[in-house]
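Please look over the sequence and the three-dimensional view before reading on.

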Amino acid sequence: MIYLQLFLSFFQIGAFSFGGGYAALPLIQNQVVTLHGWLSISEFTDLITISQMTPGPIAINSATFVGIKIAGFFGAIVATLGCVLPSCIIVTLIAKLYLKYRNIAVLQGILNSLRPAVVAMIAAAGVSILITTFWGSEVMAKFSNIKWSLVVIFIICVVLLQKFKMNPIWVMLLAGVMKVVYSFVCA
């Protein structure tokens, strides 16, 4: 039964996550944290971190991670297949249709109208991760509960990425080192 739940949950994620991995985050969070309770919100944040550090798409890495955690090796296979299968089907159908009808203005209008929705989904996922990171797993909108050390590390990382165009891998490693150093100094 758990294999069917994993397959169907990640099949839904794979079928409805338009716009890439970041746009899929709210869908993954809804299935994995809210509906099934397979992960806590703190574990979900860790999942996003792990998915970013490992090669491959976020949704597939998430499916594999959750599948292993919930049902072992076969759970990982079932969840990953559930996540990948809709994309294979949808892309094949869309490619055939797009090649046939690509010059129709209505189709171009539909594709253009999807862009703001994808940006909104990515922004919602980013805000959710920031709130969880800064206020902890229990979201509290009080400035006294902000983890200021993480805010400072976040700002340093943004400056390094935007102003100095530093390699994101080095920024991730530096952020980890800053957090470890801060933990040792303030422990």
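Which helices each supply at least two residues of the lining of the second largest pocket? The answer is given below, after an outline of the chain, which is seen here as a predicted model.

## Overall architecture

The secondary structure of the chain consists of seven helices and zero strands. Followed along the sequence, the pattern therefore reads α-α-α-α-α-α-α. Taken along the principal axes, the C-alpha atoms fill a box of roughly 60 × 45 × 30 Å.

## The second largest pocket

The helices asked about above are α1 (2-16), α2, α4 (58-101) and α5, each of which supplies at least two residues of the lining of the second largest pocket. Among these contributors, α4 provides the largest share of that lining, with 12 residues.

The space in the second largest pocket amounts to about 610 Å³. Its lining is made up of 26 residues, and S17, F18, I90, V91 and I94 are the closest to its centre. By class, the lining of the second largest pocket comprises 20 nonpolar and six polar residues, with no charged ones.

## The largest pocket

The largest pocket holds about 1,400 Å³ of space. There are 36 residues in its lining, and those nearest the centre are T49, I129, T133, F154 and M172.

Five helices are to be named here: α2, α3, α5 (105-135), α6 (148-162) and α7 (168-186) each supply at least two residues of the lining of the largest pocket. The greatest contribution comes from α5, which gives nine residues. In terms of class, 22 residues of this lining are nonpolar, 11 are polar and three are charged.

## Packing of α1 against α2

The axes of α1 and α2 lie 10 Å apart, and the two helices pack at an angle of about 165 degrees. Because angles over 145 degrees count as roughly antiparallel, α1 and α2 are described as roughly antiparallel to each other. The crossing in which α1 passes α2 is right-handed.

On the α1 side, the residues of the contact are S9, F10, Q12, I13 and F16, and they meet L27, I28, Q31 and V32 of α2. Six residues of this contact are nonpolar and three are polar, while no charged residue takes part.

## Packing of α2 against α3

Helix α2 (residues 21-35) also packs with helix α3 (residues 41-53), at an angle of about 140 degrees and with their axes 11 Å apart. How are α2 and α3 placed relative to each other, and why? An angle over 145 degrees would count as roughly antiparallel, and one of 65 to 115 degrees as roughly perpendicular; α2 and α3 are therefore oblique to each other. Their crossing is right-handed.

The contact involves Y22, L25, I28, Q29 and V33 from α2, together with I41, F44, I48 and Q52 from α3. Of the residues in the contact of α2 with α3, seven are nonpolar, two are polar and none is charged.

## Packing of α6 against α7

What angle do the axes of α6 and α7 make where they cross? The axes cross at roughly 155 degrees and come within 10 Å. This angle makes α6 roughly antiparallel to α7. In passing α7, α6 forms a right-handed crossing.

From α6, the contact draws on S149, L150, I153, I156, C157, L160 and L161; from α7, the residues are P168, V171, L174, A175, M178, K179 and Y182. The contact of α6 with α7 contains 12 nonpolar residues, one polar residue and one charged residue.

Definitions and conventions: Residues are numbered from 1 along each chain as its sequence is written. This is a predicted model: local features need pLDDT of at least 70, side-chain atom pairs count only at pLDDT 80 or more; totals for chains, interfaces and linings use all residues. Side-chain values use heavy atoms; hydrogens and water are left out. Axes are lines fitted to C-alpha atoms, for helices over the stretch in contact, and angles run from 0 to 180 degrees between N-to-C directions. Helices (H or I, at least four residues) and strands (E, at least two) are DSSP runs, numbered from the N terminus. Angles under 35 degrees count as roughly parallel, over 145 as roughly antiparallel, 65 to 115 as roughly perpendicular and the rest as oblique. A crossing is left-handed if the near helix is turned anticlockwise from the far one by less than a right angle, and right-handed if clockwise. Contact means heavy atoms within 4.5 Å. Ala, Val, Leu, Ile, Met, Phe, Trp, Tyr, Cys and Pro count as nonpolar, Asp, Glu, Lys and Arg as charged, and the others, Gly among them, as polar. On a 1 Å grid over the protein atoms alone, a cavity is a set of points where a 1.4 Å probe fits but cannot get out, and a pocket is an open set with protein on both sides within 12 Å along at least five of seven lines; lining residues have an atom within 4 Å of a point. Grid points are joined across faces, edges and corners, and a volume is the space filled by probe spheres set on the points.
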